[in-house]
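Student: Could you take me through one spot in this model up close, and then zoom out to the whole chain?

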Amino acid sequence: MRCALGHGGVRADKREGDGATPAGKWRMRALLFRPDRIARTPLTGLPLRGLRPEDGWCDDPADALYNKPVKLPYAARAESLWREDGIYDLIVVLGYNDDPPEAGKGSAIFLHVARPDF
């Protein structure tokens, strides 16, 4: 299947903000979806949760909730999971740098919908 990787390439030494996809195999932790855009609840063996407009993901290495879901607005740097461009309509959260997260090693590593031009 075709897929898009980070604009920083694939890296074994992934760092926060490098735009890279980490090299390796990662467990699929959960499926998040936009219930306002996905008509039926996806069938999956993964834990499943509908997204809300206030859902975010902390990407601030100095924060205690680094590489964890947060509620927006959030005091530290975090990205919104409720996007208008559709690429986060379905998100598989991958088990990269999450058990426990190591500051600066990379966050928000998801399998998600590609942009039309990949």
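**A close look at Asp98**

Tutor: Let's start with who touches Asp98: setting aside neighbours within four places in sequence, Asp98 is in contact (heavy atoms within 4.5 Å) with Arg29, Asn67 and Lys68. Before going on, a caveat: this is a predicted model, where local features need pLDDT of at least 70 and side-chain atom pairs count only at pLDDT 80 or more, while totals for chains, interfaces and linings use all residues. Numbering runs from 1 along each chain as its sequence is written, and side-chain values use heavy atoms, with hydrogens and water left out.

With Arg29, the side chain of Asp98 also makes a polar contact of 2.8 Å; that term is a pair of N or O atoms within 3.5 Å, where within protein one must be able to donate a hydrogen and the other to accept it, and residues adjacent in sequence count only if both atoms are side-chain atoms. Asp98 itself sits in the loop between strand S8 (90-94) and strand S9 (110-112).

Zooming out, the protein chain has nine strands and zero helices; these are DSSP runs numbered from the N terminus, with strands (E) of at least two residues and helices (H or I) of at least four. Among contacts with a separation of 6 or more, 51% link residues 24 or more positions apart. As for burial, 33% of the 118 residues count as buried, meaning under 20% relative accessible area with a 1.4 Å probe, protein chains only. Finally, the C-alpha trace spans about 40 × 35 × 25 Å along its principal axes.

How values were computed: Buried means under 20% relative accessible area, exposed over 50%, partly exposed in between (1.4 Å probe, protein chains only).
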